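Let us look at the structure together.

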Amino acid sequence: TRGMELEPELMLQEARESVEAAQSYRRELSQRLQGLREARRQIKESASQTRDVLKQHFNDLKGTLAKLLDERLVTLLQEVDTIEQETIKPLDDCQKLIEHGVNTAEDLVQEGELAIRGGIGEQNEKLWSFTKKASHIQLDSLPEVPLLVDVPCLSAQLDDSILNIVKDHIFKHGTVASRPPVQIEELIEKPGGIIVRWCKVDDDFTAQDYRLQFRKCTSNHFEDVYVGSETEFIVLHIDPNVDYQFRVCARGDGRQEWSPWSVPQIGHSTLVPHEWTAGFEGYSLSSRRNIALRNDAESSGVLYSSAPTYFCGQTLTFRVETVGQPDRRDSIGVCAEKQNGYDSLQRDQAVCISTNGAVFVNGKEMTNQLPAVTSGSTVTFDVEAVTLGSTNNNEGGNFKLRVTISSNNREVVFDWLLDQSCGSLYFGCSFFYPGWKVLVF
């Protein structure tokens, strides 16, 4: 009977598990249905949008072509008018001359006939004055009338091959693409920023430039953040825990127009933006406090981050925007805690690079050196925990970190021993001369 009691228990347990499995299966399926609905919506909406764009474009073209043809017709009709007016004018002048001659001749004929009719008698006076008048008029000078072959005979030359040329262009005009030639590949969160990476998905498309846009999901207006040939870009000024949409398009080789936009991707950063400490005399900060400029103030010392916002496992990036006069005590780096009273991070419990490329670990200069820091240089720090807890070696530290510093395509890797275990670090910089400007992200 014990076995009999156990069986219903087992069956009940099995039934419960089956119900749970069915529920989770149903959840999965409904999620997939949702995915299908979104896919269908994307096809439908993009098809409808494409139809509208095509109709609008071809209507615009029709309007423009009609306008161009009308303008050309007006120009040609004006040419006809001009030729007609210019070549008719000399004929009009000639006609006036001939008509004047005809009138003169008619008057003379009438007067002469009268004089002759009077005979030679007492009307002699009339005959005499007519003869005198006739001798003054040149009755043998005739004006030139142009031959028909010498005057314009207007015609229009109209070449029908324009239709074939236009037809060829029209038949090749416009294409329909089933998907954009570039898509966003991944979004990587950074403190106060997001790295956007994209790639080409159309093998036949040769990209010359890319254009990246973003917007807050609450905004209805995208703005350009990058145009260039790179396939990744870090978008800064990202507020933490706010959704942003990103989209990218490309311009084909030798083309003016941009391709269609990629499918927008949503990303956000949960990481607090890195900030420099405000109110430090020797440095002026940008409004978001992620850019520090060494100013003309006399004071020296290390400018630290406002909080230990750099966590092991992340990449910390400094970009040198402008340079000043270098000094071997300059430093850019990370440390376990803020220690005032030092004029550089070339000290214990800190790792840094100097502007001349020297690398310091706990105040000791390493033999490996990086290239000197110049305007536009990017310096990155990658720190990973290697061992936790105490080790029985006599190296002085009980916590070991593996540090990689990269600059100008070169890198150094070393172990850094700390006195205490440390999950988050401060960063800092020190410059002795004004003009150095550093962005951190």
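Lys400 and Asp415 form a salt bridge, with their closest N and O atoms 3.8 Å apart. This pair links distant parts of the chain: Lys400 sits in strand β18 (residues 399-407) and Asp415 in strand β19 (residues 410-418), 15 residues apart. Lys400 counts as partly exposed, at 23% relative accessibility, and Asp415 is also partly exposed, at 33%. Please keep in mind that this is a predicted model.

How many salt bridges does the count come to? The count comes to 16.

| Pair | N to O distance | Strands |
|---|---|---|
| Lys400 and Asp415 | 3.8 Å | β18 and β19 |
| Arg197 and Glu186 | 2.8 Å | β2 and β1 |
| Asp224 and Arg211 | 3.1 Å | β4 and β3 |

For Arg197 and Glu186, the salt bridge at 2.8 Å ties together parts that are 11 residues apart in sequence, because Arg197 lies in strand β2 (residues 193-200) and Glu186 in strand β1 (residues 182-190). Both ends are partly exposed: Arg197 has 27% relative accessibility and Glu186 has 35%. Asp224 and Arg211 meet at 3.1 Å, and this pair links strand β4 (residues 223-228) with strand β3 (residues 207-216), 13 residues apart. Asp224 is partly exposed too, at 39% relative accessibility. Salt bridges that share partners also join Glu186, Arg197 and Glu232 into one network.

Now to the wider layout. The domain assignment gives domain 1 (20-176), domain 2 (182-267) and domain 3 (283-389 + 397-440). The centres of domain 1 and domain 2, taken over C-alpha atoms, are 52 Å apart.

Which residues have the most contacts inside the largest nonpolar core? They are Trp276, Phe318, Val334, Phe381, Ile405, Phe414 and Trp416, in a core of 36 residues. A second, separate core has 16 residues, including Trp198, Tyr226, Ile238 and Val248.

Two backbone angles deserve a look as well. Most residues other than glycine have a negative phi. His237, however, has a positive phi near 60°, and it lies in the loop between β5 (232-236) and β6 (244-252). Gln349 also has a positive phi near 60°, in the loop between β13 (331-335) and β14 (350-353).

How values were computed:
Residues numbered from 1 in each chain as written. Predicted model: local features only at pLDDT ≥ 70, side-chain atom pairs only at ≥ 80, totals over all residues. Heavy atoms only, no water. Domains from an automatic or database assignment. Core = buried A, V, L, I, M, F, W, Y, C linked by side-chain atoms within 4.5 Å. Buried < 20%, exposed > 50% of the residue type's maximum accessible area, 1.4 Å probe, protein only. Helix = DSSP H or I, 4+ residues; strand = E, 2+ residues; numbered from the N terminus. Salt bridge = Lys/Arg side-chain N within 4 Å of Asp/Glu carboxyl O.
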